[in-house]
Amino acid sequence: MSAVTDIEQRAAEWLMRREEPGWSIGDQARLDAWLDESMAHKAAYWRLEHGWREADRIGALGLVPAEEEMPPSFATRWWPMVAAASLVAMLAFGAVELVRPGPAPVVAAQHFMTPVGGRRIVPLVDGSKVELNTATTMRTAVTAEHREVWLDQGEAYFEIAHMEDHPFVVHAGSRTVTVLGTKFSVRREGDRVTVSVVEGRVKVDDARQVDAVPTAILTAGDVAVARGPATLLAAKSEQRVEAALAWRGGVLNFDRTSLADAVKEFNRYNRKQIVIADSETGEIRIGGTFQAANVDAFVRLLHDAYGLRVETGPDSVTISN
């Protein structure tokens with residue numbers, strides 16, 4: 001078996017395992033590590049994943065029996081494996097051209113979402129990776145040549161594979177974020193969009209072109225907050241970007257933050273909601289690092305440090321002076 005065929009077979013094994021029930025975060029981490037070993041691994045996996053989506057078209061051409069003609073156990077369990085194995089064989093013998101020259105194809109959007117308190121890593125076929133934060137909804141239309149996603153709500157961290165001729169575009173409300181290859185996050189709350197850049201260069205445009213609003217160019221350490229026609233570029237601060245991305249480690253960082261704003265952040269991650277009973281309590285300034293999912297520990301600290309009253313109900317915790 002040649003090295004190329006061996007890589008194609010390994011890519012098929014990963015793809016089949018990913019389609020099986022029980023795929024875990026650990027499995028995803030091992031797949032990511034294998035993909036990162038070489039561009040040959042990524043290319044094989046992208047081609048095969050594209051071919052997997054073409055399997056229905058192969059069936060429509062009569063190359064495989066229709067699903068209703070198969071025994072139920074075969075159709076539900078073994079057909080995906082047969083399709084993948086067939087695609088590996090065709091790739092090895094050059095029988096199928098999975099990446100065609102010419103204009104980028106029309107790509108069906110995929111839908112991804114996370115529940116309250118959830119996080120999810122989404123690998124894309126171009127080698128990029130997106131990490132979704134709590135209560136996030138995202139659609140993607142990405143191939144090796146066409147790279148576009150829509151952040152409908154929530155927050156996502158992007159690690160974009162560099163492709164000189166194929167920009168990666170994120171649509172978030174009225175803003176479009178365009179990059180070639182970089183690391184950044186986008187958070188959308190209604191018409192408010194926040195972009196934080198870890199490395200590289202990011203371009204932020206107003207998709208509506210209201211009054212010819214100029215493009216904002218962000219580099220590492222920059223944070224831009226856009227609402228309506230206005231875009232505010234905060235002073236360069238790597239610490240501010242790190243704090244904004246602390247959620248990737250399951251924590252929240254606050255520095256002289258009002259308790260009202262801190263509670264708003266906690267409530268994004270938990271079904272048990274914190275309620276502030278009075279405005280005076282909400283104006284208290286706090287700082288520190290807290291586990292995003294541990295509401296009880298947070299309110300205990302508020303009680304111990306500030307002497308606040310805590311009343312716990314079935315779905316909420318009320319704090320007051």
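The chain comprises 321 residues, of which 43% count as buried, and its secondary structure consists of 9 helices and 18 strands. Among the contacts in the chain with a separation of 6 or more, 49% are accounted for by residues 24 or more positions apart. The average pLDDT of the chain is 80, and 75% of the residues score at least 70. Over residues 54–105, however, the pLDDT is below 50, although this stretch has 48 contacts in the model beyond near neighbours in sequence. Where pLDDT is low, the predicted coordinates should not be read in detail.

Strand β5, which spans residues 147–159, pairs with several other strands. The pairing of β5 with strand β6 (residues 168–172) is parallel and involves 3 bridges, with Trp-150 having His-171 in β6 as its bridge partner. Finally, 6 bridges join β5 to strand β8 (residues 183–189) in the antiparallel sense, and Glu-159 stands opposite Lys-183 in β8.

Helix α2, covering residues 25–36, has 12 residues and reaches 16 Å from its first C-alpha to its last, which is close to the 16 Å expected at 1.5 Å a residue. Its buried residues are Asp-27, Gln-28, Leu-31, Asp-32, Trp-34 and Leu-35. Seen down the axis of α2, these buried residues fall within an arc of 160 degrees, and they therefore line one face of the helix. The face turned away from this buried side of α2 carries the exposed residues Ile-25 and Asp-36.

A separate description applies to an open sheet of 3 strands, which are arranged in the order β15-β18-β17 with mixed pairing. Strands β15 (273–276) and β17 (309–312) stand at the edges and each have a single partner strand, so one side of each is left without a neighbour in the sheet. Neighbouring strands of this sheet are turned by 20 degrees against each other on average, direction ignored. Strand β15 pairs with strand β18 (residues 316–320) in the parallel sense over 4 bridges, and within this pairing Val-275 stands opposite Thr-318 in β18.

Two helices lie across strands of this sheet. Helix α7 (residues 259–269) lies across β15 and β18 and runs at about 160 degrees to β15, whereas helix α9 (residues 295–306) lies across β15, β17 and β18 and runs at about 15 degrees to β18. Helix α9 has 12 residues, and its reach of 16 Å from first to last C-alpha is close to the 16 Å expected at 1.5 Å a residue. In α9, the residues Val-295, Phe-298, Val-299 and Leu-302 are buried. Seen down the axis of α9, these buried residues fall within an arc of 90 degrees, so that they line one face of the helix. An α-helix has 3.6 residues a turn, so residues three or four places apart point the same way. The buried residues of α9 pack against α7, β15, β16 (285–291), β17 and β18, while the face turned away from the buried side of α9 carries the exposed residues Asp-304 and Ala-305. Just after α9, Gly-307 takes a positive phi of about 70 degrees.

A further residue that may be considered individually is Ser-258, which is found in strand β14 (residues 251–258). Ser-258 counts as buried because its relative accessibility is 10%, the cut-off for burial being under 20%. When residues up to four places away in sequence are not counted, Ser-258 touches Gly-282, Ile-284 and Arg-285.

Definitions and conventions
Residues numbered from 1 in each chain as written. Predicted model: local features only at pLDDT ≥ 70, side-chain atom pairs only at ≥ 80, totals over all residues. Heavy atoms only, no water. Pairing = 2+ DSSP bridges. pLDDT = per-residue confidence, 0-100. Contact = heavy atoms within 4.5 Å. Expected span 1.5 Å × (residues − 1). Buried < 20%, exposed > 50% of the residue type's maximum accessible area, 1.4 Å probe, protein only. Arc of directions from axis to C-beta. Axes fitted to C-alpha atoms, helices over the stretch in contact; angles between N-to-C directions.
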